[in-house]
Amino acid sequence: MEVLKLFAPYGPGWLGGAALILIAFHFGNQFLSEYKLQNERKASLDIKREERKQAEVDERAQRDRERSQMEGRIAVQMERSNALMEAMKTLMESVVASNDVLHADLVHSQARSQGMAEKVDHIYDRVDLMYNKETGR
């Protein structure tokens, strides 16, 4: 009622205008409150979205670091494996060369054994012939 007394000197026209202004102010205030609330919600959603994006970026970066470390370990293992394979290749070449030498020695030894066997047979034949002559057979 005191609000009405304030506008009484200005007449009923002002009263209607003042009422419209008060109603507009009231709805404007509610609209601004709702607008602020919507902006706060939007800002909150934007912050959450940015946090999720940052979390995804951090997770991707962590996976990339882990993948990089794993690739580094794999590269080291491959280098070790290649070095081991080279050493094994060198060893196998050495074994093949050694086997070739042993095979050559065996062939030479067999040839000498064959020659000795022929000499022993010849000596045996001579001894047998001499024995037969002495015994008269």
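Visitor: Which relative accessible area does Arg 67 have?
Guide: This is a predicted model in which local features need pLDDT of at least 70, side-chain atom pairs count only at pLDDT 80 or more, and totals for chains, interfaces and linings use all residues. Residues are numbered from 1 along each chain as its sequence is written, and side-chain values use heavy atoms, with hydrogens and water left out. Buried means under 20% relative accessible area, exposed over 50%, and partly exposed in between, with a 1.4 Å probe and protein chains only. Arg 67 counts as partly exposed, because its relative accessible area is 44%.

Visitor: With which residue does Arg 67 form a salt bridge?
Guide: Side chains of opposite charge can pair when their charged atoms come close. A salt bridge is taken as a side-chain nitrogen of Lys or Arg within 4 Å of a carboxyl oxygen of Asp or Glu. With the closest N and O atoms 2.9 Å apart, the partner of Arg 67 is Asp 64.

Visitor: How many salt bridges does a search of the whole structure find?
Guide: Besides the contact of Arg 67 with Asp 64, the side chains of Arg 49 and Asp 46 meet at 2.8 Å, N to O. The side chains of Glu 59 and Arg 63 meet at 3.0 Å, N to O, and these two residues are separated by about one helical turn because they are four residues apart in helix H2. For the whole structure, the number of salt bridges found is three.

Visitor: What is the arrangement of the aromatic pair formed by Phe 31 and Tyr 35?
Guide: Rings of Phe, Tyr and Trp (its six-membered ring) pair if their centres lie within 6.5 Å, and planes under 30 degrees apart count as stacked, over 60 as edge-to-face and the rest as tilted. Phe 31 and Tyr 35 both lie in helix H2, four residues apart; Phe 31 is exposed at 56%, whereas Tyr 35 is partly exposed at 47%. Their centres are 6.2 Å apart with 20° between the planes, and the pair is stacked.

Visitor: What percentage of the 137 residues count as buried?
Guide: The secondary structure comes to two helices and zero strands, and helix H2 covers residues 12-135. Among the 137 residues of the protein, the share that counts as buried is 1%.
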